[in-house]
Structures are given as structure tokens and as C-alpha cells.
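This report looks at charged side chains and a metal site. The sequence and structure come next, followed by the description.

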Amino acid sequence: VGDDAAVLEVNPGFELIACCDLSVEGVHFRREWAPPRLIGHKALAVTLSDVAAMGALARFAMVSMALPKSTSAQFIDELLAGMFELAEAWQVSIVGGDTSVSPGPLIIDTSVIGECEKGLALKRGGARPGDTIYVTGSLGASALGLQLLNSGITIDAGATETAGEAAQPPQVEAILRHLKPEPRLDAGRAIAQARVATAMIDISDGLSTDLSHIVEESGCGAVIQASSVPIAGCVTALASSGFDVVPLDVALHGGEEYELLFTAPPEAAARIADRFRSLSLQCTAIGEVIERPGLHLASEGGLEPMRPLGFEHLI
Ligand SMILES: [Mg+2]
């Protein structure tokens with residue numbers, strides 16, 4: 001930072017991976033729902049998640065912001081602190097950016113440059129019939145968290161300091177999963193370096209919608225086993241305490257999960273399990289790639305078509 005542009009050193013034998021993401025107040029976040037630290041965290045996390053989805057290592061980031069005149073210096077400091085904290089955790093250098101005044105909402109653009117061994121980056125179009133479909137982590141919590149926030153439930157700032165701790169009440173856990181997603185960079189690298197995956201994507205629009213991107217790009221279809229879908233504990237806990245949520249629905253269609261969805265041939269199962277053993281992150285086989293186009297859900301009631309009902313952002 002300080003010169004007109006950043007000069008970046010590229011490792012020999014690697015390819016550059018570049019992506020950017022826009023976070024707009026009122027569309028992607030609301031100031032009354034999240035402290036500035038978490039707004040900064042999430043704005044960068046979603047872009048890092050795209051790098052993770054390629055199986056790449058995140059190296060550099062650039063951040064540009066358009067700020068309403070009324071934004072306090074403390075707010076900006078906290079927002080940047082959230083961003084720098086996440087960048088540091090993944091050894092990502094923030095090498096540039098720009099700021100301007102916004103006549104409307106607060107807008108944050110994050111660009112990330114990563115790198116991946118030549119030919120190893122995973123794309124969406126490589127899935128083949130017979131491949132197993134895997135997903136990392138558990139699903140449904142982020143959409144439920146958004147539903148809770150929309151219904152007027154908020155969390156106090158103190159809860160955000162202990163994010164990720166299992167001792168959180170289910171409502172707080174769901175809201176934190178929405179406000180503070182963790183990019184699966186370690187898992188993405190492990191999957192790429194195992195050299196067995198055929199396609200990968202991060203779940204930003206919902207499992208059904210993001211899986212439809214993989215099968216459409218790959219020219220095939222998929223069957224998901226309803227009973228295998230890993231539903232987040234806080235979702236089942238709130239559903240069984242009477243909260244109005246259908247766990248399987250939010251797990252299949254809820255957006256902003258930032259888990260990784262990937263495909264690999266069945267003979268790679270042991271190798272994948274092996275890679276995940278050291279990651280303290282679950283990885284679940286949830287279905288199979290088939291020749292017939294379209295998505296299908298297999299449950300006790302038989303096989304039915306599954307429409308990609310991608311979850312919309314705030315509005
Ligand atoms: Mg993505």
C-alpha cells in the first residue's frame with residue numbers, strides 16, 4: 001500500500017485465481033443486525049469462499065468502499081478490523097483499495113487473488129455420471145439465522161465475540177452462522193490437493209441452486225438422498241422446540257452457507273475421508289451424479305424432481 005499499484009510475486013508453477021464480490025447495505029447486510037466488525041468479516045469471507053471453491057490458496061485482497069457521509073470513523077475502524085482479522089487468520093495480505101463517499105447505501109467491494117498449482121483449480125463443469133456428491137459442514141443454519149433476524153430477533157455484541165463456540169443457544173448459533181461465515185479454505189485446498197474431485201462450488205445461493213450450476217455446466221443431473229443431508233444442530237433444535245422451520249427445506253435451499261459442494265468418483269471415498277480426518281470439519285456424501293439432466297430428491301416417498309429454489313438475499 002502506498003504506490004499506485006501493488007506488485008505481486010507469483011510462485012512458479014502456479015496459476016492466479018481472481019474473484020470479487022460486492023456487499024451492498026440493505027441487500028447483503030443491515031447495520032442494525034450486525035456490528036461493523038462482522039460486516040467487515042463477512043464482506044471478505046464471501047470472496048475468500050470463492051477462492052476456497054476453486055481449491056486455491058488465498059494470497060492477496062483489495063478492498064474498496066463507498067461510505068455514506070454519516071459513517072463514523074469508529075464504524076469504519078471496526079469494519080476494517082473485522083476484515084483485517086480474517087485476512088490475518090488466513091495469511092492474506094490486503095494490498096490496496098479505494099474509498100469514496102456514497103450518496104446512498106454503504107457499499108463494499110472485496111477482490112481476492114489466490115493461486116493454485118497449474119491445472120489443479122476445480123471448476124464447475126467436470127462432474128461425471130457415477131460421481132459421489134459431497135458437502136462440507138452442516139446446512140440450514142444461515143437461512144434460519146436470516147429468518148430469525150427478519151422476525152426481529154437480534155443478538156448482543158458480546159455473543160459475537162464467542163462465535164463458533166458450541167455452547168451458544170441455537171438461536172444465537174443460527175444468527176452467527178448467518179453473520180459470521182467461515183471460508184472453507186483449508187477444506188478447499190485439501191480437496192484440490194487430493195487430486196480426486198471433478199467439480200466444486202461454494203454454497204452461496206443454496207445447495208439446490210449451486211448443485212444445479214454444477215450439473216448444468218457438466219451436462220448431467222443429480223440425485224440427492226434426503227436422509228443424508230447434514231442438517232445443522234441448531235436447525236433441528238429450533239424446529240423441535242416449535243419454531244416454524246422445515247429443516248430439510250432450509251438445508252436444501254437456504255443460501256449463504258459458504259460450505260463446499262463437490263463431486264468425486266466413488267473410488268476416491270477413502271482418500272477424501274482421510275483428508276478430512278485432520279481438518280475437524282465434517283464432509284458428507286449426499287448423493288450421486290446421474291446421466292439424466294435435472295435434480296432429483298430421493299426419500300422414503302420415492303424419487304421426485306427437485307427444483308433449484310435458491311435463497312434470495314435480504315430483499
Ligand atoms: Mg461462489
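## Salt bridges and the magnesium site

K42 and E256 form a salt bridge, with 2.8 Å between the closest N and O atoms. K42 belongs to helix α1, while E256 sits in the loop between α9 (247-253) and β8 (260-264), so this pair ties together parts 214 residues apart in sequence. K42 and E256 are both buried. The model is a predicted one.

A search of the whole structure gives eight salt bridges. Among them are the pairs in this table.

| Pair | N to O distance |
|---|---|
| K42 and E256 | 2.8 Å |
| R59 and E115 | 3.0 Å |
| R31 and E25 | 3.0 Å |

The side chains of R59 and E115 meet in a salt bridge. Because R59 is in strand β2 (residues 57-68) and E115 in strand β4 (residues 107-117), the pair ties together parts 56 residues apart in sequence. R59 is partly exposed at 22% relative accessibility, whereas E115 is buried at 2%.

In the salt bridge of R31 with E25, R31 is partly exposed at 26% relative accessibility, and E25 is partly exposed with a relative accessible area of 21%. A network of salt bridges links R37, E78 and E85.

Which residues are the protein donors of the magnesium ion? They are D50 (OD) and D202 (OD), which lie 2.1 Å from the ion. D50 is in helix α1 (residues 36-53) and D202 in strand β6 (residues 199-202), so that distant parts of the chain, 152 residues apart, are linked by the pair. D50 is partly exposed, with 23% relative accessibility; D202 is buried, with a relative accessible area of 3%.

Technical notes. Residues numbered from 1 in each chain as written. Predicted model: local features only at pLDDT ≥ 70, side-chain atom pairs only at ≥ 80, totals over all residues. Heavy atoms only, no water. Donors = N, O, S within 2.8 Å, 3.2 Å for Na, K, Ca; no water. Helix = DSSP H or I, 4+ residues; strand = E, 2+ residues; numbered from the N terminus. Buried < 20%, exposed > 50% of the residue type's maximum accessible area, 1.4 Å probe, protein only. Salt bridge = Lys/Arg side-chain N within 4 Å of Asp/Glu carboxyl O.
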